[in-house]
Amino acid sequence: MSKVFHCFFEQSGTFKNEFKKLGYKAFDYDIKNDFNETDYVIDLFKEIGNAYENKQSIFDDIKTTDMILAFFPCIRFENQIMLWFRGQAHSQRKWDLEKKLKFDMNLLDEVSDMYKLVNKLFIVCMKKGLKLIMENPYSKEHFLRRYWCIPSTLIDKDRRERGDYFQKPTQFWFLNCEPKNNFIFEPMNYNFIECKDAIRTMTKEQYEKTGAKTKKEARSMIHPQYASRFIREFILEEVEDE
């Protein structure tokens, strides 16, 4: 199979390894290698910037027959960012107004930088004709949902239904490709971790089931079953019956 899958901002190897099980070449790219799964330890932000400025970058080696899956960092786009702007985050409860205002100025710069990067990523892929699927959390207050000209292609409001650990509504953007909507005729294991708040109330036994070392890290983990079903349902051209 000649198609190669390039998983950006993925350290865990979850999607990468599911692609490999299906017989495809796949590689993980990230600036960290905490799970010993990152094939290319590289500054993707710098690579996106270089490609946008028509300089040499990893995008030069990606073919139009390949596909990029970008788990783009969401920390500056999620719901919580609005609380920080309003000075209502739990950690800000003792801050005075001056501190909040100075923080807002810096925070806006950070959001702006991330916003530029995600736009540059899409422009690079548009110009090069590269297939791209980008993932980010879904919510009414999500920054890209409210302040972006590209609507998400696919919204998964309950990832437990495809075998993931948490409900965690997620949205996906498809560029230069479309979701395949294949039928998956196989039984599914239910892997949901029962906890009211994944960050605060998850026990060590629960978060270790995800392969994570901390509660915070566990919240971003994806179960291999979810990755496998997503790949076969929405990415591959055809799916063989199990």
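These are my notebook entries on a few places I looked up in this structure.

**Ground rules.** I am reading a predicted model, where local features need pLDDT of at least 70, side-chain atom pairs count only at pLDDT 80 or more, and totals for chains, interfaces and linings use all residues. Residues are numbered from 1 along each chain as its sequence is written, and side-chain values use heavy atoms, with hydrogens and water left out.

**Entry: the core.** I began with the largest nonpolar core, which has 55 residues. Such a core is a set of buried Ala, Val, Leu, Ile, Met, Phe, Trp, Tyr and Cys residues joined through side-chain atoms within 4.5 Å. Buried means under 20% relative accessible area, exposed over 50%, and partly exposed in between (1.4 Å probe, protein chains only). Phe8, Phe15, Phe19 and Phe59 have the most contacts inside this core. Helix 4 gives the largest share of it, 9 residues. Helices (H or I, at least four residues) and strands (E, at least two) are DSSP runs, numbered from the N terminus.

I then looked at Phe59. Leaving out residues up to four places away in sequence, its contacts (heavy atoms within 4.5 Å) include Phe8, Ile68, Leu121 and Val124.

**Entry: Tyr147.** I found Tyr147 in the loop between helix 5 (143-146) and strand 6 (154-156). Is Tyr147 buried or partly exposed? Tyr147 counts as partly exposed because its relative accessibility is 42%. Beyond four places in sequence, Tyr147 touches Met82 and Tyr115.

**Entry: salt bridges.** Side chains of opposite charge can pair when their charged atoms come close. I noted 15 salt bridges in the structure, each a side-chain nitrogen of Lys or Arg within 4 Å of a carboxyl oxygen of Asp or Glu.

- Lys102 pairs with Glu98, the closest N and O atoms being 2.9 Å apart. Both lie in helix 4, 4 residues apart, about one turn of the helix. Lys102 is partly exposed at 46% relative accessible area, and Glu98 is partly exposed at 48%.
- Asp156 and Arg162 meet in a salt bridge at 3.1 Å, N to O, and both are buried.
- Arg160 and Asp158 meet in a salt bridge at 2.8 Å, N to O; these two are buried as well.
- Lys16, Glu37 and Asp39 are linked in a network of salt bridges.

**Entry: back to helix 4.** Lastly I checked Ile123, which lies in helix 4 (residues 97-128). Ile123 counts as partly exposed because its relative accessible area is 30%.
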